[in-house]
Amino acid sequence: MSAVVSPIRDPLIYGHKSYHDITEDLVSPTERTPSAPWVIGFILSISLLGFGLFCIAWTIWHGIGTWNLNRTVGWGWDITNFVWWIGIGHAGTLISAILLLFRQKWRTGVNRAAEAMTIFAVICAALFPGIHVGRAWVVFYFFPYPNTRGPLWPNFNSPLLWDLFAISTYFTVSLLFWYTGLVPDFATVRDRAKGMRKKVYNFLSFGWVGSAKHWQRWEALSLVLAGIATPLVLSVHTIVSFDFATSVIPGWHTTIFPPYFVAGAIFSGFAMVLTLMLVVRKVLHLEEYITLNHVESMNKVILATGSIVGVAYLTELFVAWYSGYVYEQFAFFNRALGPYWWSYFGMMFCNVISPQFFWSRKIRRSVAWTFFLSIVINIGMWFERFVIIATTLARDYIPSSWSYYSPTWVEIGIFIGTIGLFFTLFLIFCRVAPVVAVAEVKSILKSSGDQYCGPDAIHHGHGHDDHGHDHSHEEHAVAESVKEEVAAVVEAVEDDLKKLEGIGPKVEAALKKAGVKTFAALAGSDTNDLQTILDEGDGNFMGNSPESWPHQARLAMEGKWDELEKLQDELQGGKY
Amino acid sequence: MNQFTFTGRLKTSLIIMMVVGLVSMGLTWIWDDEIHTRFWSNYLHNASFFTGISLMAGFFIAVCITAWAGWYAVFKRVWESFSMFLIVGLVLMAIMGLGVYFGWHHIYHWADPVAAVEDKIISGKTGFLNKNWYLFGTIVIVGTWYFLSSRIRSLSIAEDNDDNDTDFAKHRRMRLYAAIFLPIAGFTSAAMVWQWIMSVDSHWYSTLFAWYCGASWFVSMICLTIMSLLYLRAKGYLQQVSVEHMHDLGKFLFAFSIFWTYLWFSQYMLIWYGNVGEETIYYRTRFDHFKPLFYANLVINFLFPFFVLMRNDTKRKFGSLGLVAGVVFIGHWLDYFLMIKPGVMHTAHEHLSHGHDAGGHHDMSFQLGVQMPGFLEIGTMIGFLGLFLFVFFSALSKASLVAKNDPYIHESLHHHV
Amino acid sequence: MAHTNRNVIYGLYDDEEIMLTAIKEANAQHLEIMDVYTPFPVHGLDPLLGLSESRLHIAGFIYGLLGTLTAFLGMTWIFTKDWPVVFGGKPHWSVPAFIPITFELTVLFAAIGMTFTFYIVCGLGPGVTNEVLDDRITDDKFCIAFDESEVDSAKAKSFLSSTGASEINKKILS
């Protein structure tokens, strides 16, 4: 069952892998003792996490007053970080869901890690509103549950509550999707393990055996979850944008926010996936699975979404001028030239200018450049949220309440702590589970392995390239057969028009030469046109009249041979 | 049958459609008010609608080329031919621009020289809303779209002769043009939407509006693709376009109907929630005077395709798919009607009542052709559709139907959902 | 699940294409296949085994609908009957403001319901241990298994060896 793959496509798996090689390469990192880089990374991240926890404890003990938020700037680093993390959490579901629906095979190399990243990023994000409410111990007041306060319900009309619903839903669905994908791979780990490890993975793999019916349901589930996760991922950042856009604050109240936030989220999510995966592929030696082709594809997504974000920035600027609304105009003037001008220019440079380097194929395929730019973009997207939040709030309607905001060490510490949390979780994940989806990579091996497609192919499916010189003869033959098949399909549809009364071999040849090759075409033709074909054709067709041909052809096309026969009995030489 | 024959019979039918259109437009002109508001608004409505559809076809080919998509290769000539209408769209919209230039119509409030000075809000926008930008912007921008689309198309046709090019040089060149086309279309289509359509409501603005219009065009383009393919198949052409390809188009129709609704909701909800008078007036007018269309818009363009196409088998049955495509096509045409008519009518009422009723109070009692499309609107639409299809079919007949040397043709022929 | 012991005879294939050909052959010989185990979802397998299409998506639709109704009717009741609140001068029954949460709960109910349904109908879940026929099935082997109570073991054996199985074994599944 070799799949049909265009010869123009590059392979996605290199190294002439067999199924067993794939298992070996992808599972063994979980079986080895941790490498030195891993241990160093883990110690570093867990120290950052420790510092973050200390700052959170400090905040809760001393109160929100330890932050530099003031009456004017009520949202600062906290909400900036929240939106930044949520944005990063968008790539996972996007890669898994939208790329699954669009059948982009390169997703299999990175989807598992990206989904894990999503879940960890959402955990980091959810932390901020939790602390920011001040009394973190009664944070459950958010939820609608029967209570002794009335019952007093939360305000379902508030975008902040929508956000709670969106993020909890997103977290839950991502977790289910990710874990269900992991179950077969945990089974693979289990079947290679011994002793205690086997018991642990037996528990994690839920008793998976790989039965045909299970796979069928597993695929159905993945597809439907992908289908509903696609609008979900759009809705999450849309609702985050509603937090701002439903207000009447100039610079926040603008209708483009929903799609523009979503594009920005995908943009930053892909940047973070690249930052992580470029390290992972190096440390775990996965260069043959996360190839430069993967990197290039992701860079293209970054270029596209970066440009969409650019269009949105310019749209906002333009419409601020166009609106003729002085407060709106001031808001944008203030962003670009006010006290926070540096963050506006940081945002413009990092998000709009820097991805434009990816127009160059060389840079798209350069690991060093990609790594550098992915970090630049991460920084830029942080600036974007800071611009939207702090810059806008610092200069509101009343100049007497204008203010300036800069964070305290506690706020910075909490942010650093979430980075520590993110990397700690990710490093644990790399030890526990295969970072690349084992079963899914196996399922694309025969269409995207380099022994099946691309210049080094040795097994010939339908599609392939004939660059090779050693076996060019054989390849040429295959290429010819492909061409013939296409030609056959293109030209296949021809009917025996001689079955109709009044059409002989010569008339048929004339009709076919004129492009009328099937009963269907004949049935749809006009008798005058047919007469023209006859008149202009080679040979003398004076005795033939096409008046009944479309009628006969229609019957033939619909398979009504009995009726056709009856009609032909009545006809005389094809004439009524 | 790899060659489409533009038969005399088909030509005759399309010419009849165009005649119906011309007669309707003529009658509209005669029965119109003294500034021919109904005539010009119908003209703008259809010209921008069909130009946008052809832009989306060219744009989407560029997207597919850039994304290395393969499934569409078997019928890509249809989209290529759609995009060839852009040159006609250029002429149609340039006529609209000449109208602004020489004051043939009063569709746009900002084009009124008095308003441009006296109306404070409009005078602030004259840097963008002016006759030069409109006419020359349209010519240059639509011209660029046409140029890039026709480059892609001619490379694609030239590729048919490259039987032995295993390096796909032509396709690689198409990638370059496609990559250039994407950002250009992304930036300039917004500018054109603001000029052509959003500026009808000269005081109002919405940052999302351009993307919303784009989504509407895109869905219409998919509908027209489905209907054209079904027609061509019934005539015995493109038998290679299988139920699998139609299923994918059905998915696109389904998904982008939801996407359109998402944009509709985002724009509506934010304006409703923010409750700023300058913004809500847009929906207030539509809600008060265009209520049936306001709701019909959502029912036809969201609920109907959503519930019908949710199941897989309705996407795979040509009857149900064709029905949805037809209805949603009309739905988006109505959407454009709803975007253009209220603003135009407001401007016309102000213009006509200038002097004797300066209070701006105007009669908004029910009028066919204003609150609801009448026979003349439908006739005009039939005319423009005939023109569009005429250009489409003649472009289609100029090249083979299947691009046999497309690098993805083989994948496309073996396409499975 | 019935807890009777089953004597299983099974063959391991090295490639899914050989296995698919073998299954076609088994169908031709009217051999009742107990189950097929593979390391990844093999396309074209379901129709050969005569598996009917999964109905999970129908279940998902019902769960989703339940979520829609819960959210929408719940908010309607709370804000019009139980505890009406005026916000921003909007009516109590503010449909546009209800849509985000309605959408989220639709997705949430559908996803949770479907995933749990999946694990329950497959008999999988935390703490479940299913005996595996061979440890390499989750690695690179494709396995066709026959139940000896349904198929004559000699016939099964000759079938497996003639269709290219690289290994043939027996195992008792409890």
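This is a predicted model: local features need pLDDT of at least 70, side-chain atom pairs count only at pLDDT 80 or more; totals for chains, interfaces and linings use all residues.
Me: Why is A:Arg107 said to form a salt bridge with A:Glu440?
Reply: The cut-off is 4 Å from a side-chain nitrogen of Lys or Arg to a carboxyl oxygen of Asp or Glu. The side chains of A:Arg107 and A:Glu440 meet at 2.8 Å, N to O. That is within 4 Å, so the pair counts as a salt bridge.

Me: What makes this pair a tie between separate parts of the sequence?
Reply: A:Arg107 lies in helix 5 of chain A, and A:Glu440 lies in helix 16 (residues 438-448) of chain A. The two parts are 333 residues apart in sequence, so the pair ties them together.

Me: How do you know whether A:Arg107 and A:Glu440 are buried or exposed?
Reply: Buried means under 20% relative accessible area. A:Arg107 has 10%, so it is buried. A:Glu440 has 15%, so it is buried.

Me: Which residues does A:Asn111 touch, leaving aside neighbours within four places in sequence?
Reply: A:Asn111 lies in helix 5 (residues 107-132) of chain A. Its contacts are A:Ile95, A:Ser96, A:Ala437 and A:Glu440. A:Asn111 has a relative accessible area of 2%, under the 20% limit, so it is buried.

Me: Why do A:Lys17 and A:Asp25 get their accessibility labels?
Reply: A:Lys17 is at 10%, which is under 20%, so it counts as buried. A:Asp25 is at 24%, which falls between 20% and 50%, so it is partly exposed. Their side chains meet in a salt bridge at 2.9 Å, N to O.

Me: What makes A:Phe51 partly exposed?
Reply: A:Phe51 has a relative accessible area of 35%. A:Phe51 is in helix 2 (residues 36-62) of chain A. Not counting residues up to four places away in sequence, A:Phe51 touches A:Trp409 and A:Gly413.

Me: How many helices and strands does chain A have?
Reply: Chain A has 22 helices and zero strands. Of its 576 residues, 60% count as buried.

Me: How do you know whether B:Cys213 and B:Cys223 are buried or exposed?
Reply: B:Cys213 is at 0% relative accessibility. B:Cys223 is at 0% too. Buried means under 20%, so the label applies to B:Cys213 and B:Cys223.

Me: What makes B:Arg286 and B:Asp201 a salt bridge?
Reply: Their closest N and O atoms are 3.5 Å apart. The limit is 4 Å, so the pair passes. B:Arg286 is in helix 11 (residues 277-289) of chain B, and B:Asp201 is in the loop between helix 8 (169-196) and helix 9 (209-234) of chain B, 85 residues apart. Both residues are buried.

Me: Where does the nonpolar patch lie?
Reply: The patch is on the surface, with about 900 Å² of accessible area together. Helix 12 (291-309) of chain B and helix 3 (56-82) of chain C each give two or more residues. Helix 3 of chain C gives the largest share, six residues.

Me: Why can C:Phe61 belong to the patch?
Reply: Patch residues need over 30% relative accessible area. C:Phe61 is at 40%, so it clears that limit. C:Phe61 lies in helix 3 of chain C.

Me: How many salt bridges cross the interface of chain C and chain A?
Reply: The rule finds four. A:Lys446 forms a salt bridge with C:Glu16, at 3.5 Å between the closest N and O atoms. Chain C and chain A bury about 5,400 Å² between them. The contact takes 61 residues from chain C and 59 residues from chain A.

Me: How many salt bridges cross the interface of chain B and chain C?
Reply: The rule finds zero. Chain B and chain C bury about 660 Å², with 81% of it on carbon and sulfur atoms. In chain B, B:Phe265, B:Trp272 and B:Tyr273 lose the most area to chain C, together 69% of what that side buries.

Conventions:
Residues are numbered from 1 along each chain as its sequence is written. Chains are lettered from A and ligands numbered from 1 in the order in which they are written. Side-chain values use heavy atoms; hydrogens and water are left out. Patches are made of residues with over 30% relative accessible area and no salt bridge: like charges are joined within 9 Å, nonpolar side chains (Val, Leu, Ile, Met, Phe, Trp, Tyr) within 5 Å. Accessible areas come from the Shrake-Rupley method with a 1.4 Å probe; for residues, only the protein chains shown count as cover. Helices (H or I, at least four residues) and strands (E, at least two) are DSSP runs, numbered from the N terminus. Buried means under 20% relative accessible area, exposed over 50%, partly exposed in between (1.4 Å probe, protein chains only). Buried area is the accessible area (1.4 Å probe) that two parts lose on being put together, summed over both. Contact means heavy atoms within 4.5 Å.
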